[in-house]
Structure formats: structure tokens, C-alpha cells
Amino acid sequence: MEIPRHWRLNQQRYGLVGEVCPHCEAKIFPPRDICPHCGGEAKTTYAFNGRGEVFSFTTIYEAPTGFDETAPYTVALVKLEEGPLVTAQLTDLGETRPEIGMPVEMVTRKLRSDGDERGMLIYGYKFRPVMR
Amino acid sequence: MPDTLLKPSRPVGIVGYGSYVPRYRLPAKEVARVWVGGRASGLPIKEKAVAGLDEDVVTMSLEAVRNALKRAGIDPAEIRAVWIGSESHPYAVKPTSTIVAEAIGAAPNVQAADMEFACKAGTEAMVMAMGLVGSGMARYAVAAGLDTAQGKPGDALEYTAAAGGAAFVIGPAEESLATINASYSYVTDTPDFWRREYQRYPEHGNRFTGEPAYFKHSTAAGKTMMEALGTKPSDYTWAIFHQPNAKFPQRAASLLGFTPEQIRPGLLSPVIGNTYAGAAILGLTATLDVAQPGDRILMVSFGSGAGSDAFDITVTDKLPERRDKALKTQDYIARRTEIDYAMYARLRGKIAMK
Amino acid sequence: MTDIIIAGIGQTPVGEHWDESLRSLAVQAIQAAIKDSGGLKPQALYVGNMLAASLSRQAHLGALLADYAGLRFDDAQHKAGIEAETVEAGGASGGAALRQGYLAVASGLVDVALVVGVEKFTDVIGPDLEAALATLTDADYESVHGLTLTAQAALLARRYMHENHVPADGLAGFPLTAHANGAGNKNAMYRKAIALDTYQKAEPVCEPLNIFDVAPNADGAAAVVLTRRELLPKDFPHPVVRLAASTITSDTLALAERSDPLWFAAAQASVEQAFQKAGITREQVDLFEYYDAFSIFAALSLEAAGFAKRGQGWKLAGDGSIALTGQLPCATLGGLKARGNPGGATGVYQVVEAAEQLRGQAGANQIAGARYALIQCLGGPASIAVTHILEKIGD
């Protein structure tokens, strides 16, 4: 079981919470306390609005342990409106065929169980085609 | 007779409401195809909503609550309670509500608990929230009811047991989209439906679930509240009843003297099934999506075991400007991917992996 | 500074070695390299390995392999084994271990260093193998979302093909070249050329990648003995090949954290540094052993190394430039795609193969008169880039 490593990321993972650099105003995800753009200290939290577009995507058929029961699933690089790219699954695609540039919005979903069905559920951000 | 109404000393209402219905739909005829040789007469609904592999009551609650917050436009740090009713919480022990409270930014200065009362766990949470706000203990409280309901394969409930629900930010009446004028609860020990600890699927009393359970409690709750308030069905623009199938809520409405038109916007079970703790309140959200200022709404939930909560609600002039701030219930219903029974069995974890 | 010489090389065939273990593979490669060096006595062992702790439930390879390979001091006072440790840099572990050997010998503190790269993939099967490989991505921001290494490459390929208008079979030339060259390498996992038609009909793995765009993970070990030129035995039996440059650079671990994901900045930097160190220009390179774990990596590496303009690397695969007879022969003994990709051993295999080319031991795949070989291995999508330049300096 890997409880603390997931617990300590709860807020950023549930709600896509990163940081904003007080010096150059860059929005940062994941939070890293040092702005990757200007090198200044950046510890101000910033909740992303969850909107973005698909930068790239692919579908995984041969999944790692913990994801094998949900395969096949689609992962993407999503370009957030505020700038950063994030890696996340696309969900609720239904008949929608994803494409580069497709607008998406953040939802919070089950990522996987920590271990088997006895383990903790890990929730986090995913993206779906925008509903409106 | 003592006053039986549940009515806060300080007027309260719905500051924000939100709903969620997952994307997948299982037609009832698919269940019939697999279990009764395709016999399609008397199917209880057209189709039901089914959650995806990465959804559960936590994720669905979160989306419904986020929608409610968008309409409420309040600071989540001012929320003093997050109460979520469901019979399908993903953990047997560990609250759904703590996860939701953390994710919306309401933690840590907050009450958090999960409610359980079969299909009325959501309205139970609403009454509690009314009490907390109405007493002045809190400015805002979140009450939600959602389920990913399980029906035993081949059982009558498998046609209807669905996923979805709604959430409300309850707050002061002066900030509300709709005021809650009063509520009334009618509860008895009636074993029409239950699920024992460690059992995967519920048991039910077949026709016993009808007259002595659903109809007795629903009509008593509605009737008693109207008598106490001195109202009659024609005073209400809209009415919503718990909807385990398509037929029951229509009959309950008729027994109390409501017209088909009054229950039309809130009657969702034919196309999404019975969302259990979410059923009546989803109907309320769909009704609020179309209601106008001044409209009066009667809602009656029903939970097996058994009891009903009745509510008397009046839409304020704040509704029209705020209802478009989040997705509407019919937006979710329109988002639809039909699945067959095999995919349903996979999504609901009914395929034995070990 | 004195020349650092690749004095000995050894390798096992790459493949599914069901009957061999991590240690037996490593010992075979070590013994072959020591024998090839004319019997030099190593004083330090650097093990390049990526995932033994998860794939073989075996960490602490330095002690294990030094012992099993019999690497002890042979004088009476020293009853102990030699210096030994593991170097890990993801898929670039082999190259990074070689860099450690280079530093040790170049510093003068070690006279003879032994570098072995080893990986044993086939002891783990199914989702656990994917999970082990996924530990090479960012655990908190990539693998927790179900990302795999192959998917990461597919994300790059999809975007690259989109931005540069690459046709669906536009990357085919990389595996076609690799398989054609693998046919001439007796240690290669796949020794059969494939046709374009076969590529076009291949099953997708992670769209747009098909099975031929992904190098097979396989078992293998390769080893190199390094020493300074003046320490070579008088009767050293091979043409002398010098390690002319050894550089390592890094980039973000998570692909998403790059401002420009389609540019292998670390690969560019390590190549530039290596050219400078070796004192040569890119035009002098006779062969390039690039890191074609995925065909998109080959395209991006060619661009980063300056052999193609940005967005044009894929074209070198289609026009014959990278064939044995082309301007810039690449993957000359099959590359990762046909020789196989034995994880932490791969970077050492690349150097062994390049040394074979410069020594004139590459058989049917010999690049005539080759003097300079550029070798690059990558950890992840160039999160680490290790570049070496070998130079043939005498016969």
C-alpha cells in the first residue's frame, strides 16, 4: 500500500491545483515551488480552470498492473488554457474520436486502486470532450 | 395534534443546485433479451443510466456538487457541512463526503458525513442541511444524493437500478434560487427492500414494495404536508415523486390529485432509470432547469425501509440568471451512449475476474 | 589527456533467454570482453542496469556480478573483490555506466575499468512488466495516469506526424533499415528484413505506433574493457579504438513539462558537447548508432544531432540516407529494433557494435573505412541523453 504518496497530492490531483509565479505570472503545473520559466520562487497556489485542448493522444491496450482492468484507455497531453501541458486520461469519449485540438474539460475520476480491491481508491483529474 | 412540519426558524433555500447523470445507457430490452428471452411487454422503463469504469459515487457527487457551486457562486470555505446520501458509497468505512469536501475546497472547517436511507438518503441530507442553516449554525451546507445502484442479474431491479444524482447548496432564503418553505417526513419500519452487510445485491418484497411501502409513505407525506400548509395540488406548478420506475410516480401523483403536466419535467425514470438516492432530487433539478420565478414545487422522496420526505419549494427571481451557470440535467440526459448487456456487465463489475 | 581505449568488447546474443539468468548473461559478456582485451585485469566494475530490482527482484548488482565474474584482486593481501556498483539512468543506463568507466580511467584513479550492461526482461510477464517499465516515467504525474513508455512515444509520434504532415507510413524507413541490418548480425534478435507492405499491415500497438515502431524488450548483456593507451598490452590484437568523447545531459523526466516536447534538447546538447570534445564536425561521422527504442525517437535524434532540419528527420529514413550504403549509416547492426532492446545493456551493445565497425569486424555490415562513430542512448524521451564518439586511431 502506498497511502502517503497519494494523500499528499490530494488537492492538486482532485482539482488540478498548481502554482502561479509571483514574478513572471506563469501558471505552473505540476507545482514545483520554483518557476521553470524565470527561476524565481513560486509557492502561490493556483486552481486551473480545467479547460484545454488535446495536444496529442494515444490508446493503451497493454496496460500496467492497476490499469489492466480498464484497458483499453486513452491518454493525452492536454494543453491547458493557462499554458501548461498535462498528462491525463481522456474519459467519457463514447463515440467521440479524439483529435488534436479537440476542446476538453477536467473531471475528477477514479485513476485506479492502490493494489487490489482491498486498497485505497485513487482519484484524480481526467479530461472529457467539453459538454458545452 | 402537534405541529409535524420540519420548518427552520430562519428561512432557508436552495442557493445552488447541480446534477450528474453518467453517459452510458442500457435499454431495458437488453436485460429482457438476456434474461427473459426478449419478452418485451411491461418493461418498467425505456433505458437506464450506467456509470463508466472510472466513476463511482465520489466522482459523480463531485461533479454534481461542483455544478451546484457554480450556480451558488459562493466561497467553498464558507460551507460548514458536506452530507452525501447514497446506498453505493465506494467505501464501506471512510466517508465519501470527506473526499468531496477536500476536492471542492470546503475542508477542513466543515462537517462531513455520509447518509444512508435507501432512496431517500439525499433528501435526508437536505433536511439536515435545512436544520443546520435554519438554526443559524452555518451559512451554507451541501446536501447531495447519488447512487450507482446495483440490481441482481436477472432480477426485476436490474432493469431500473441506475446511476446519477443531484446536489444542493442550502443557504439563507434571501440568497436562494428557490426557498424551501417547509418539509415533512413520514417514517415507519416497513421492510420492503434491504441489503444486508457484505451482500452485493439487495433483496426486495416484490408487490409488497408497492401499496404498503412506496404508495403509503409517498402519499401520506405529500398529503400531510399539504394539510399542514393548507395547500392543495393546484397550488403547485410542479410536482416530483420518487421514481423507481415510470409507473409508480405517475400513480402517486394521480392519487394525490396532481396532473401529468405537473410532473412532466421531473419525471426522468423512463429514460435514466431509478437513480435511488438521486431519483427525486434529479427530478427537482430538471424542474428547476425550466421553472419560473413564483413557481411552487412539491417534492416527495421515498426510501425503502421506509419513509418519505416532502418539501414545499418556491422559485425566486434569482433562478433565471443563475441556472445557465452549469450544465442542466437534460444536457446530461442528452449525452448518451447505448451499451449492450455485455458491456454493462463489464462496466458494473459483473464479470468474474477471479 | 591520454587516450582512453576500448580494449575489450563482449556480448551475448539478444533474445528471450529463458534458460539464462541476469547473472549468467552478465558473466558471459564480462568473460568475453576480458578475453577480447587480451586478459586485462579490471580494477573497477560499473554495471549498467535499468530495472533488475523490479524485473528480477534483484538490486545490488555490483557485488553480485563482481563475485560471479570472479573479479577479485589476485594478490595475497587482498582477499576482497574489486570496486563494483550499479549505474542507473533509465534506458540510457548502459551509456551512463560507460561514462563512469571513462571518468574512472581518465582520472587516473583506475587503470582498467570494466563496464557491463545487463537486463533480464523475460522473468516477468504481462501487466507487471508494463508496470515495471512505467516506473521509468514520472510516478506522480505520468504513470499514475496509466501512461506507459510506449504510449509516451506514441504521444510524441502523433504530434510529430500532425505538425510535420508525415504520412501514416512515414516512419517505416527506420524499422525497415534496422531489420535489413539485423540480418547481418548474428547477435541480433531479428535477423530478417521486412517489406514496406508488412509494416503497412502491421497491428497497431499505441496508435500511431505499430509493432514495428517499437523495439522489442529482450534479454542480453554486453561488456567493454577500458584502459589508457599506454597500458595496452604490446601484443594487443585489434585495431585501436579510442573513446573520443563521453557526455551526458538531462531534460525534464515528464514529457508534459517541456516547453517544446518535439525537440530533444538534451540529445542536442550532448551531441554538441561530444563533437566539441572529440574535435570533429558532424560531417566526419561515418556511422550513427542512434537510440531507436521507438522509430519516432530515431527521427527526433537525427534532428537533435543536426543531421536533419527540425521536422525533417523522418525523411532520412525513406530516402536511403541511413542505409549501410547511405550518407549516414545508422543502426548498422540492427539497432534497438532488430538487435533488440535489452534495457540497461543497450547503451553498451551500441558501443560494442560501433567498436566492431571501427575495428573492421562487422562482417557483411561493415562500413568500409569507418573512422568516427557517433553513439547515443536515451533514457525516456531524451530525459537523459548519453553520447559517445569512438575514433579508430591505429591498426
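User: What makes chain C and chain A partners in contact in this predicted model?

Analyst: Contact requires heavy atoms within 4.5 Å. In this predicted model, 30 residues of chain C are in contact with 35 residues of chain A, so these residues have heavy atoms within that cut-off.

User: How do you know what area is buried between chain C and chain A?

Analyst: Buried area is the accessible area that two parts lose on being put together, summed over both. For chain C and chain A that comes to about 2800 Å², with 60% from carbon and sulfur atoms. Y141(C), H145(C) and L155(C) supply 26% of the area that chain C buries here, more than any other three residues.

User: Why is the pair R32(A) and E257(C) called a salt bridge?

Analyst: The rule asks for a side-chain nitrogen of Lys or Arg within 4 Å of a carboxyl oxygen of Asp or Glu. The closest N and O atoms of R32(A) and E257(C) are 2.2 Å apart, so the pair meets that cut-off. The count between chain C and chain A is 2 salt bridges. The interface also has 15 residue pairs in polar contact, both residues being at pLDDT 80 or more.

User: Which elements of chain C supply at least two residues each to the side that touches chain A?

Analyst: They are α5 (127–134), α6 (149–164) and β5 (204–206) of chain C. The largest share, 7 residues, comes from α6(C). By class, this side of chain C has 15 nonpolar, 5 polar and 10 charged residues.

User: Let's turn to chain B. How many residues of chain B are in contact with chain A?

Analyst: Here 30 residues of chain B are in contact with 27 residues of chain A. The buried area is about 2300 Å², and carbon and sulfur atoms give 47% of it.

User: What makes R23(B) and E95(A) a salt bridge?

Analyst: Their side chains meet with N and O 3.7 Å apart. The cut-off is 4 Å, so the pair qualifies. The count between chain B and chain A is 6 salt bridges, and 17 residue pairs are in polar contact, both at pLDDT 80 or more.

User: Which elements of chain B give two or more residues to the side that touches chain A?

Analyst: Those are α2 (57–72), α3 (96–104), α11 and β14 (337–338) of chain B. With 5 residues, α2(B) gives the largest share. The residues on this side of chain B divide into 13 nonpolar, 2 polar and 15 charged.

User: What are the domains of chain B, and how far apart do their C-alpha centres lie?

Analyst: The domain assignment gives domain 1 (12–177 + 330–344) and domain 2 (180–320). Their C-alpha centres lie 15 Å apart. The contact takes 56 residues from domain 1 of chain B and 46 residues from domain 2 of chain B.

User: What do these two domains of chain B bury between them?

Analyst: They bury about 3900 Å², 66% of it on carbon and sulfur atoms. Y17(B), C119(B) and L177(B) supply 17% of the area that domain 1 of chain B buries against domain 2 of chain B, more than any other three residues.

User: Why do D309(B) and K120(B) count as a salt bridge?

Analyst: The N to O distance between their side chains is 2.9 Å. That is within the 4 Å limit, so the name applies. The count between domain 1 of chain B and domain 2 of chain B is 3 salt bridges.

Technical notes. Residues numbered from 1 in each chain as written. Chains lettered and ligands numbered in written order. Predicted model: local features only at pLDDT ≥ 70, side-chain atom pairs only at ≥ 80, totals over all residues. Heavy atoms only, no water. Buried area = accessible area lost by both parts, 1.4 Å probe. Polar contact = N/O pair within 3.5 Å; in protein donor to acceptor, adjacent residues only side chain to side chain. Helix = DSSP H or I, 4+ residues; strand = E, 2+ residues; numbered from the N terminus. Nonpolar A, V, L, I, M, F, W, Y, C, P; charged D, E, K, R; others polar. Domains from an automatic or database assignment.
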